[in-house]
Each structure stands twice: as structure tokens, then as C-alpha cells.
Amino acid sequence: MGFISIEQSDNLFWLGRYAERVYRTIRCFEALCDVMLDIDEQAYKPFCAALNIPDIYKDSLDFIDSYLYKPQNPDSLYSNLSRAYDNGLVLRNTISSPSLSYLQLAMNCMEEGRRNRANALVGRQVMDYLLAFWGSIDEYVASGQERCLIKAGRYLERLDMQIRLGESWESIGVTLDKLERRLIGAKLLYDTNKFRLLLNFAQLADDDEEVREIALENIRTLLL
Amino acid sequence: MDALLSNTAAINQLLARYGVKFGIYKDGQFHEQLFPFDSLPRVISAEEFAELEKGLIQRVDALNAFLRDIYSKKQIVADGVIPEDFVFSSGGFLPACDQFIPPAGIFSHISGIDLVQAKDKTWYVLEDNLRIPSGASYPLIARRLSRMASPETFKNNAVSSNSNYGLLLREAMESVNPGGKCVIMTPGRYNAAFFEHSYLAEVTGYPLVMHNDLFVQDNKLYFKGRYGVQQVGAVYRRISDDFLDPLTFRADSLIGVPGIMNAYRAGNVAIINAPGNGVADDKGIYYFVPKMIEYYLHEKPILKNAPTYLPFYEEDRKYGLENLEKLVIKDVAEAGGYGVLFGKDLSAEELEDWKVRLQTESRRFILQEVIDFIDLPVLEGAEVKDRKADLRAFVITSANGTKVWHSGLTRFSRVADSFVVNSSQGGGFKDTWVLSR
């Protein structure tokens with residue numbers, strides 16, 4: 001064990017981040033679509049602001065189409081899934097062919113959705129494949145350190161999105177616990193003071209916007 | 001068999017799911033393509049394969065003997081069996097490899113021998129590929145899926161298992177490893193055979209590495225990993241000799257490992273396949289392989305070459321110029337189905353131009369008789385069509401001897417009457433069943 005290159009360990013970490021970004025985004029996308037259809041057509045604007053992505057969209061329909069499928073849009077789910085796939089493709093021997101195949105299936109699904117203008121419908125299938133992907137990682141990645149690397153990426157991304165999208169501090173606390181275990185397991189160096197501050201925020205559950213800003217900054221600079 | 005055939009589309013879907021692709025560059029752009037699989041296999045009887053196997057082992061042993069000789073005493077040239085023009089002017093002969101014999105005396109650990117079968121059932125060798133031949137992964141993964149698609153087909157037919165390719169590769173690497181880890185080195189995901197690299201890493205259990213994961217210190221090769229540094233003893237590389245080491249070969253190579261040739265020449269690492277093999281699989285040298293077999297092994301060649309003429313020799317040139325319209329012209333510097341011209345397709349004016357060229361560039365081209373090789377039945381939707389097909393057999397040489405993988409890559413043309421079967425030119429592939437009884 002321990003025979004993993006620096007580049008491949010980066011690939012593992014970023015595979016975890018991008019796969020989680022796609023998964024978490026799809027999870028909240030359905031609810032966002034409902035709001036845009038029924039309540040506020042402009043609801044995508046605060047969503048973009050929360051995720052700190054440029055609002056380049058003409059209207060809600062343009063947002064749904066471009067944010068989901070446009071390869072030219074660097075923030076689209078298509079682009080993020082492509083990055084997950086690109087990182088996964090060079091890891092076949094580490095994550096296994098079956099795990100990689102779920103990324104391929106998710107990618108195929110996204111391609112098909114793009115061709116058929118399936119709008120948000122395709123998200124469900126992509127989510128299923130990503131869940132299967134994570135199950136497959138547990139099943140096939142024998143090395144604990146490698147599993148911890150990919151999951152450290154996963155939970156760091158989850159944490160970032162949870163804070164940005166205003167999820168409860170309780171659920172953020174759960175993610176922090178998971179992240180800490182994975183950081184230690186992967187032997188990733190991180191700033192323990194910043195991590196302790198994040199734990200404090202989770203315990204205090206103070207929903208001040210400034211607290212979330214500080215928390216985000218701590219996450220951004222957590223890894224040494 | 002019906003269950004297997006009716007699942008062809010499902011198997012192809014799974015191959016797509018598993019990312020079974022190859023890459024090609026068109027107009028400077030990288031494209032990944034699926035490799036269409038036809039589940040109707042090529043079947044080779046046990047008796048027929050036993051003969052092929054003997055011939056393949058004999059051929060590869062002779063080629064390894066030639067490489068040992070040419071990079072040491074060069075006796076075959078001194079004895080006049082092969083003219084020196086065909087050895088030392090070959091781009092495949094690397095002075096940097098001269099006077100060094102790799103571990104266990106093996107240069108070609110993995111040899112891909114391309115064969116065709118004529119209508120009278122005679123097998124002919126068309127090409128020897130001793131520089132990183134690829135293609136084994138395709139029948140390997142297709143077989144796994146075919147077995148799942150139709151277990152009864154494999155229960156009712158005595159098909160030799162092909163699942164041992166990873167073990168054969170491991171044996172070849174471990175047996176020449178002077179000490180350290182074994183790794184599979186790839187130029188990266190935009191290499192045409194990246195799927196194969198990554199899949200072989202998976203089936204052997206060896207790490208897939210790139211040039212920047214490796215470094216040389218004190219003539220030893222090391223892998224720098226996330227959790228420390230480890231010595232590397234054997235590298236299965238998928239990178240051309242030219243780009244292997246910028247300190248020895250092309251200085252502008254960004255995908256090589258500086259100093260790896262020093263580590264190799266110091267005997268601290270085995271490179272699989274060895275650098276310098278290009279001198280033995282040059283299309284010009286191919287002509288001499290039967291002579292090599294007699295020279296080194298003192299045996300009669302079991303497998304035949306396609307009848308070949310070298311414009312270099314006056315008698316061959318005369319015949320070639322008189323019969324060009326019925327011959328194939330091959331550029332010795334090309335591969336992958338490129339640089340192949342059929343005389344019958346040339347106009348009278350083009351034929352005249354070629355006659356001049358063959359006289360002025362006599363070392364660059366070879367001429368071959370067209371072998372009317374057999375058509376194999378190929379599924380096209382619900383119909384069965386006859387298409388030309390070849391076979392790439394994989395021969396693995398370790399310190400324990402030379403073995404033939406009981407399978408192979410059967411490639412077929414998807415165009416009626418076309419002799420070009422290469423995947424890069426739109427061909428498909430079949431599994432190759434070697435019957436065990």
C-alpha cells in the first residue's frame with residue numbers, strides 16, 4: 001500500500017469534490033425549479049450568488065438549460081461532471097472499472113439529456129449513478145488511504161456547499177465529523193485551529209451571515 | 001451461441017459503459033472512439049492453434065535472439081545473412097542500446113504478431129510488432145462480458161480461458177525485475193491506447209504511472225508517491241523509444257524520464273519492451289525473419305511470411321517493377337494501416353511514378369503479394385456479412401520461457417472487400433476462441 005502518485009492523489013481528491021458538487025447541486029435543483037416555476041422566476045439569481053458563480057443567464061429557462069448542460073459554461077453541471085470524469089479516467093486501477101463505469105453512465109446520461117433537451121429530468125438518473133459510484137468506491141477501493149482521499153474531497157465540497165446554501169449547522173456538524181476522520185485517514189495536512197473554529201460554529205449554530213462568510217474562508221484555506 | 005449473438009448490442013453497451021475506447025488524432029484534434037465488437041467469434045481448433053503456437057514461439061525466440069545479437073556481436077551481419085543496410089540504417093536501431101543485454105536476455109517481452117489466414121487455411125505472418133503492441137485488453141474484457149451474456153455458450157463449447165493475460169504479464173515483468181516495484185507507465189489519457197494502459201494496470205494490480213511520477217537517482221529509478229519513495233524494478237512502458245529519455249534520445253521530450261536509460265544500462269531496471277526493438281520489427285527486416293529462424297535456431301520456419309520482395313535486391317526489384325499492378329506497396333516507416341497501397345488501385349501514371357520511386361528509395365519500401373485472406377462472418381444488424389479479418393496473437397516471453405496467450409485480437413474490416421482492418425481506419429473486433437479440445 002501507499003503506492004499512489006502525488007498526481008493520482010490529487011485526482012482522487014478532486015474526483016471526490018466534483019462528483020459531490022454535481023450530486024449536491026442536483027439534489028437542490030429540483031426544489032429550485034419548483035420555486036422558479038411557481039413562485040419566483042428569478043430564484044436562480046440568489047442561487048448563483050450563494051454559489052459565487054456569475055449570473056450569465058437571460059431567464060430561468062436559459063438558466064436551466066445552460067446551467068445543466070452547456071459544455072461552454074464552466075459552471076454547468078455538465079462541465080463539473082466532465083471534470084469528475086477526467087479525474088476518474090486516470091484512476092481506473094485505483095477506483096476499479098466498475099466504479100469508473102458509473103461515472104461513464106452519468107456522463108452518457110448528461111450527454112443524452114443535452115441532446116434531447118431533457119431539462120431537469122435527467123438529474124434523477126445522474127444522481128442514481130453517482131450514488132452507485134459512491135457505493136462502488138466503498139466496495140472496490142481496498143486501500144483505506146485512497147478511500148479517505150476521495151472522501152476528504154467529497155466532504156470538503158459538501159461542507160462548502162452546505163454553508164453556501166444555508167443548510168443547518170447540525171447537518172454541517174455531521175459533515176465536519178466525517179471530514180475530520182477522512183483528513184486524518186488520508187494524512188492530509190490541515191489547519192487544526194481553523195477546523196476547531198468550524199466545529200465551534202457548528203456547536204453555536206449562530207446563523208449570522210458573517211459567521212458563514214468566516215466559515216467559508218476557513219474552508220477555503222483549511223488544507224495546508 | 002444464439003443467446004450470445006442476440007446480446008451483441010447489450011455487450012457493446014457495456015463496453016461503452018466500461019470506457020472501452022481507443023483514441024485517434026484527426027486534424028490535430030483528439031477523438032475517442034468506441035471499438036465495435038462482433039460477438040460472433042473467430043474459432044481456432046486446438047490442433048490448429050497448437051501448430052500456430054509452435055510457430056509463434058519459434059518466431060519470437062528468433063527475434064529475441066536477433067536483438068541480442070545485433071546489440072552485441074552482430075554476427076548475423078558479419079555472416080552476410082542480413083545486409084548491414086537493413087540493420088544500421090534502420091531508424092529502429094539505437095546506438096544508445098548497443099553492447100547492452102537486458103535482464104534474462106529478453107528484448108521483446110510482449111510481442112504482437114499479426115497473421116492472416118489464406119483461403120487454403122495457411123497462416124501467414126504479416127507483421128511483427130515488438131514495440132509496445134496493444135490490443136490484448138479488448139478481447140480480454142469482451143470475453144468477460146460474453147461469458148456473462150451467455151454462460152451456456154461457454155459451457156457447451158470448450159473455449160480456452162483468456163483470463164490469464166494479467167498473470168502472464170506479471171510473470172514476464174517479475175521474472176526480469178532486478179529489484180523494486182513493477183509499474184505500468186502511460187503517456188497519459190490522450191494516448192491512443194490509454195484504455196489499454198489503465199486496464200492492464202487494473203488486471204495486473206500494478207500502479208499506473210506517468211513520467212512525472214518517476215525520477216532517477218544514482219542510476220536507480222524511483223517512484224515518488226504521496227506516501228513516500230520506492231524503487232522501481234520493472235517498467236511496462238507505453239511510450240516510444242524516441243521520447244523515453246530526454247537525456248539520451250529526443251531532448252524535447254516532455255513525457256520521458258530523464259536518466260532512465262542510465263538506470264537501464266546499469267541493470268537496475270527492466271524496461272518492457274526493451275528500447276531498440278524497432279530494428280527487429282521494421283518492415284524491411286520482416287523479410288529476413290525466416291532466415292533468422294534458420295540462423296539462430298537451426299530450424300525450419302513453421303509460420304510463413306507473406307511473399308515479400310525487397311526492391312533493394314535486383315532480382316526482387318525486377319519482379320516488383322514487372323508485376324507492380326498486382327502487388328502491395330508498404331512503406332517501412334509507417335504503421336497502423338497507413339502507408340499501404342495496392343497496385344491494382346493505382347492509375348497507369350501512378351504506377352510509372354512508383355516504379356521510379358521504388359528504384360530511388362529501394363530501402364524504404366517493400367512489395368508483397370496480395371494474400372486473398374479468408375472472410376469471416378460478421379454480424380451487421382440482423383444480417384451476417386463476410387468481411388476480411390486478421391489476427392493479432394500475443395506472445396509473452398519471461399525468464400521462464402515463451403508462451404502464447406490462448407486468445408488474440410481478431411480485427412475485421414467493416415467495408416466489403418477491404419483488406420484494411422485497423423481500428424484507426426474504422427474496423428471492428430471479435431473475440432478469438434481457442435478450443436481446448
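This is a predicted model: local features need pLDDT of at least 70, side-chain atom pairs count only at pLDDT 80 or more; totals for chains, interfaces and linings use all residues.
Residues are numbered from 1 along each chain as its sequence is written, while chains are lettered from A and ligands numbered from 1 in the order in which they are written.

**Stop one: α9 of chain A**

Select residues 169–185 of chain A, helix α9 (helices are DSSP runs of H or I, at least four residues, numbered from the N terminus). Now colour Trp169(A), Ile172(A), Thr175(A), Leu176(A), Leu179(A), Arg182(A) and Leu183(A): these are buried (20 or more other C-beta atoms, placed from the backbone, within 10 Å of a residue's own; exposed means 12 or fewer). They cover an arc of only 135 degrees around the axis, so they sit on the same side of α9(A) (the arc is that of the directions from the helix axis to the C-beta atoms). Just after α9(A), click Lys187(A), with its positive phi of about 55 degrees.

**Stop two: α8 and α9 of chain B**

Jump to residues 165–176 and 194–204 of chain B: these helices, α8 and α9, pack at about 85 degrees with axes 8 Å apart (axes are lines fitted to C-alpha atoms over the stretch in contact, and angles run from 0 to 180 degrees between N-to-C directions). Show Tyr165(B), Gly166(B), Leu169(B) and Arg170(B) of α8(B), which meet Leu200(B), Val203(B) and Thr204(B) of α9(B) (contact means C-beta atoms, placed from the backbone, within 7 Å).

Note on methods
Helices (H or I, at least four residues) and strands (E, at least two) are DSSP runs, numbered from the N terminus. Two residues are in contact if their C-beta atoms, placed from the backbone, lie within 7 Å. The expected span of a helix is 1.5 Å times one less than its number of residues.
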